[in-house]
Amino acid sequence: MTKNRLSKVLAANGVASRRKCEELIFEGKVTVNGEVILKPQHMVDISKDKISLDGEKVLKTDEKVYYILNKPKGYVCSNDKERFKNIVVDLFPSKHRLFTVGRLDKNTTGLVIVTNDGQLSHRVIHPSFEISKEYLVKTNVEVTAEQLEKISSGVSIERCFVKPQKVTKVRKNTLKIIIQEGKKHEVRELVEQTGLQVQELCRIRIGNLRLGHLEIGHFKKVSLKDLDPVFDGKIG
């Protein structure tokens, strides 16, 4: 198993945001194999090391559970209850320590994977998988041919040039945009840098896994095998 930074492992396993996890480490609340670790960059192997927060194991041998959720607007993909009022995992009655795989911003709805499987999370966000994501975007006015061309050609976001895989106009003011980069607010930036305003944004696909007819705010339990389409059979 590949080693990862302690702060990253804590965040990936739903303890809190990466920044908050770093604070917990600095405060001496985290131990690895019984030893207090004060450096967030300390490397750990989640298959071997015993990691605890305030004496409670972080990586438990609980049953691994997997859900897909149609995230409602107003909810945040974070486990930091001190910073955010409405977080995605509050929608679940599960006794497991859950977290989201990847993120959608507060005002975006749509497909999110929720699990307690930290190893799955690491594999999903690793760039080598090159997983595409598809979004449905509703704008304030009709999208012109010039704006469509500009979105398709890509834009600069935080000094990085990003270009969508595909952009399709499905109605006067509705687009389907497929991306792979996953930069923060990438789809919104692609659209809004043309002068359009995003009225609704929904993720409808991750890899080959589709949202389908799952209603907003609803979730369903799935198996690891059900998630195989996300990785094109590479998670086994």
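**A working chat on the predicted model**

Modeller: To begin with one residue of this predicted model: Ser7 touches Arg18, Cys21, Glu22, Ile25 and Pro40, leaving out residues up to four places away in sequence.

Colleague: Where is Ser7 found, and is it buried or exposed?

Modeller: Ser7 is part of helix α1, which covers residues 6–12. Its relative accessible area is 0%, so Ser7 is buried.

Colleague: Stepping back, how many helices and strands does the protein chain have?

Modeller: The protein chain has 6 helices and 17 strands. It contains 236 residues, and 48% of them count as buried. The accessible surface comes to about 13,100 Å², with 46% of that belonging to carbon and sulfur atoms.

Colleague: What is the mean pLDDT, and which elements have the lowest and the highest values?

Modeller: The mean pLDDT of the protein chain is 87, and 89% of the residues reach 70 or more.

Colleague: Which residues have the most contacts inside the largest nonpolar core?

Modeller: They are Val114, Val137, Ile151 and Ile177, in a core of 29 residues. At least two core residues come from each of β7 (66–71), β9 (109–115), β10 (133–139), β11 (155–157), β14 (174–179), α5 (186–192) and β15 (198–206). There is also a second, separate core of 17 residues, and Leu6, Val15, Val30 and Val58 are included in it.

Colleague: What does Ile151 touch?

Modeller: Apart from residues up to four places away in sequence, Ile151 touches Pro164, Val167, Leu175, Ile177, Leu190, Val191, Thr194 and Leu196. As a general background, nonpolar side chains in soluble globular proteins tend to be buried together.

Colleague: Let us turn to β9. How many of its residues are buried?

Modeller: In β9, 7 of its 7 residues are buried.

Colleague: And which strands pair with β9?

Modeller: β7 pairs with β9 in the antiparallel sense over 6 bridges, and Tyr66 stands opposite Thr115 of β9. Strand β8 (residues 99–101) is also antiparallel to β9, joined by 3 bridges, with Val101 opposite Ile113. β15 pairs with β9 in the parallel sense over 2 bridges; there, Gly110 has Arg203 of β15 as its bridge partner.

Colleague: Staying with β15, is Arg205 buried or exposed?

Modeller: Arg205, which is found in strand β15, counts as buried because its relative accessibility is 8%, and the cut-off for buried is under 20%.

Colleague: Which side chain does the Arg205 side chain make a polar contact with?

Modeller: The Arg205 side chain makes a polar contact with the side chain of Glu134, at 2.8 Å. Setting aside neighbours within four places in sequence, Arg205 is in contact with Leu111, Ser132, Lys133, Glu134, Ile178 and Arg210.

Colleague: How about His213: buried or exposed?

Modeller: His213 has a relative accessible area of 84%, so it is exposed. It is found in the loop between β16 (209–210) and β17 (219–222). His213 and Asn70 are 143 residues apart in sequence, and their C-alpha atoms are 9.4 Å apart in space.

Colleague: A different area now. What order do the strands of the open sheet of 4 strands follow?

Modeller: The order is β3-β2-β5-β6, and the pairing is antiparallel. β3 (35–36) and β6 (56–57) stand at the edges with a single partner strand each, so one side of each has no neighbour in the sheet. Strand β5 (residues 51–53) is joined to β6 by 2 bridges, and the bridge partner of Leu53 in β6 is Glu56.

Colleague: How are β13 and β14 joined?

Modeller: A hairpin joins β13 to β14 through 2 residues. The two strands pair in the antiparallel sense over 5 bridges, and Thr168 stands opposite Lys176 in β14.

Colleague: Finally, where is Lys163 placed, and what is it in contact with?

Modeller: Lys163 is in the loop between β12 (160–162) and β13 (166–171). Leaving aside neighbours within four places in sequence, Lys163 is in contact with Ser152, Ser153 and Gly154. The C-alpha atoms of Lys163 and Lys150 are separated by 10.0 Å.

Key:
Residues numbered from 1 in each chain as written. Predicted model: local features only at pLDDT ≥ 70, side-chain atom pairs only at ≥ 80, totals over all residues. Heavy atoms only, no water. Core = buried A, V, L, I, M, F, W, Y, C linked by side-chain atoms within 4.5 Å. Buried < 20%, exposed > 50% of the residue type's maximum accessible area, 1.4 Å probe, protein only. Contact = heavy atoms within 4.5 Å. Areas by Shrake-Rupley, 256 points an atom, 1.4 Å probe, with all protein chains shown as cover. Polar contact = N/O pair within 3.5 Å; in protein donor to acceptor, adjacent residues only side chain to side chain. pLDDT = per-residue confidence, 0-100. Pairing = 2+ DSSP bridges.
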